[in-house]
Number of protein chains: 2
Amino acid sequence: MENRRDRDPAYGMTETLLRTALSRASAGRVTPLWVKVACDDARDAAAWAQADILVAGRLDTAAVAQMKNLKMIQCTSAGVEGYLPLDWMPPGVELFNASGAHAAKVSAFGAMAVMMLHERVPARIAAQNRRRWDRTLRPAPRGQHVLIYGAGALGGAVAEALASLGFHVTGVARRPTGPRPGFAEIAGPDDLMRLLPTADILVVSAPLTDETRGRFGLAELRSLPPGAGVLNIARAGLMDYTALADLLEEGHLSGAILDVFETEPLPPDARWWTVPNLMVFPHVSADDPTSYASACASILADNLAAMLRGAPLRNHVDPRLGY
Amino acid sequence: MENRRDRDPAYGMTETLLRTALSRASAGRVTPLWVKVACDDARDAAAWAQADILVAGRLDTAAVAQMKNLKMIQCTSAGVEGYLPLDWMPPGVELFNASGAHAAKVSAFGAMAVMMLHERVPARIAAQNRRRWDRTLRPAPRGQHVLIYGAGALGGAVAEALASLGFHVTGVARRPTGPRPGFAEIAGPDDLMRLLPTADILVVSAPLTDETRGRFGLAELRSLPPGAGVLNIARAGLMDYTALADLLEEGHLSGAILDVFETEPLPPDARWWTVPNLMVFPHVSADDPTSYASACASILADNLAAMLRGAPLRNHVDPRLGY
């Protein structure tokens, strides 16, 4: 197991985490002969020469290609786009990612942020600052429409929490599939402009790709109905923040919660700190340092236990699809 | 059906609401011979003389005592403490309240507010005001303890939403009963001081009675662990807000969300507007004008349909218990 030196130690895998997860997942039937843990700036060469399984915070693909006994790689990141194409993988080796490790945290954060937009919390904060008692009542969530752009692990986790609170959730996915928990409907990218005018709240939770960059410009954001709210927990590059700020200032949108910015930390002179009804969050929506490493350990442990039972594995990266 | 003139018309019962609810609840088998609707300052005397069922926003108990055909009263308020004792009720008449009509709204609002306290939103707002990027990460809700004082319709609705987000919820009830949805445990009032030090977040959702007035003073609030948050969606009289403000100012508590105040609207010179990490909400946690009247109609309709089937009724007020 190789952890990243440049990352908070709370994200690091430990032998205890892995043995605990394995014991629970396999009812004690799977026990590693040995586990070695090191940071990537102090590699354990002897362990690399013998390891059957590699757990890595950042994959050194050239070094992996030399591993003789390797059968399985468990990445502790959800995205593996930095390692594509997977032509460096030794034959017979399978790669697994950490998609879903953020789910519990982002599910609760996303539900909170959508409820805050629904409840007009940004405007209520402004009212408190002016010592103004404005008893505008907001309805219960039932019948309120939330549009989630990006229906993967992040968007799906948010959708499930929102549906349980009563919201009507529509997803936009690159490849719409059948029914999924939390979503009343999953549409394709071509339906976006049709769906925007129906959305009380827009949630952006898609990966940043050539296809999604700049997807939400002035035309898209203005297509939201008056009073709509916007949440971005994905990447700043998906949205034109200047257009968003303009629509907040003119009052077309009732509020926005942004957790991601082009430059982080956000510089003190950035416009976004003071746009009316815009709440700045410091990139905290998805990371849970207390559970992230154990979630990664559980993915690996569950898969090893599943192999023993001949059951299907999860989080397998398909080399042709690249995710 | 008699609505209150002094209340937002959105709360008023209408013939359409009742007929729709009855049709749905009884599959068309229950249809009123007639429905008359008026405000309480323009009473329909002829209707009062004949009605079998009275739906009332505020009960004129002296007038009710004169009704000859009356069999059933449906109040459109949850509390009926203003009508006690029930010695004015004609023999054979049953009284029903609107407990639970707030459930969907308060469930979502309470979950939002608890998540905001858990996520340290009050401190994040202060950081944004200072243009400060403070990336303090907060864990997912699992393992976080919420103590709900008052496990009735309000507290129970909040508990269910919180449990679905992963929080560990303990309730304090006047009469602890068996397991209830959302609550991991329900304790009695004598357990409060033992439970306070275990609570990451305290939710106050009990009615204001002689027993609960001033229940949370400096000693109780200081018994919460450092960094705890406090939510009051009940009545201001349950809590010493001066003690709360002092504990927020000294940093023992991380945040508070108050939706209720001794004087409402809160006057511009009130201290509470500017206490650090205290968020003022203008009494909006439980009222949903778009669904309240239909929820009341559903209680009545469901009960009439249940009578037809010989099934148990809900929201019946026991004259001995007074609720």
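**Helices at the chain contact**

A: In this predicted model, the C-alpha centres of domain 1 of chain A and domain 2 of chain A lie 34 Å apart. Domain 1 covers 2-101 + 289-309, and domain 2 covers 103-280.

Start with α4. The axes of α4(A) and α4(B) come within 9 Å. They cross at roughly 115°, and the crossing is left-handed. From α4(A), the residues A:A108, A:F109, A:M112, A:M115 and A:M116 take part. They meet B:A108, B:F109, B:M112, B:M115 and B:M116 of α4(B). By type, the contact holds 10 nonpolar residues, no polar and no charged. In soluble globular proteins, nonpolar side chains tend to be buried together.

Now M116. The largest nonpolar core has 114 residues. Within that core, A:M116 and B:M116 touch the most other members. Set aside the neighbours of B:M116 within four places in sequence. B:M116 then contacts A:M112, A:M116 and A:V121 from chain A. From chain B, B:M116 contacts B:V121, B:P122, B:I257, B:M279 and B:F281.

A:V121 leads on to helix α5 of chain A, residues 121-129. Buried here are A:V121, A:P122, A:R124, A:I125, A:A127 and A:Q128. In chain A, the buried residues of α5(A) pack against α4 (103-118), β11 (253-258) and β12 (278-280). In chain B, they pack against α4 (103-118), α5 (121-129) and β12 (278-280). Just after α5(A), A:R131 has a positive phi of about 55°.

How values were computed. Residues are numbered from 1 along each chain as its sequence is written. Chains are lettered from A and ligands numbered from 1 in the order in which they are written. This is a predicted model: local features need pLDDT of at least 70, side-chain atom pairs count only at pLDDT 80 or more; totals for chains, interfaces and linings use all residues. Side-chain values use heavy atoms; hydrogens and water are left out. Buried means under 20% relative accessible area, exposed over 50%, partly exposed in between (1.4 Å probe, protein chains only). Helices (H or I, at least four residues) and strands (E, at least two) are DSSP runs, numbered from the N terminus. Contact means heavy atoms within 4.5 Å. Axes are lines fitted to C-alpha atoms, for helices over the stretch in contact, and angles run from 0 to 180 degrees between N-to-C directions. A crossing is left-handed if the near helix is turned anticlockwise from the far one by less than a right angle, and right-handed if clockwise. Ala, Val, Leu, Ile, Met, Phe, Trp, Tyr, Cys and Pro count as nonpolar, Asp, Glu, Lys and Arg as charged, and the others, Gly among them, as polar. A nonpolar core is a set of buried Ala, Val, Leu, Ile, Met, Phe, Trp, Tyr and Cys residues joined through side-chain atoms within 4.5 Å. Domain bounds come from an automatic or database domain assignment.
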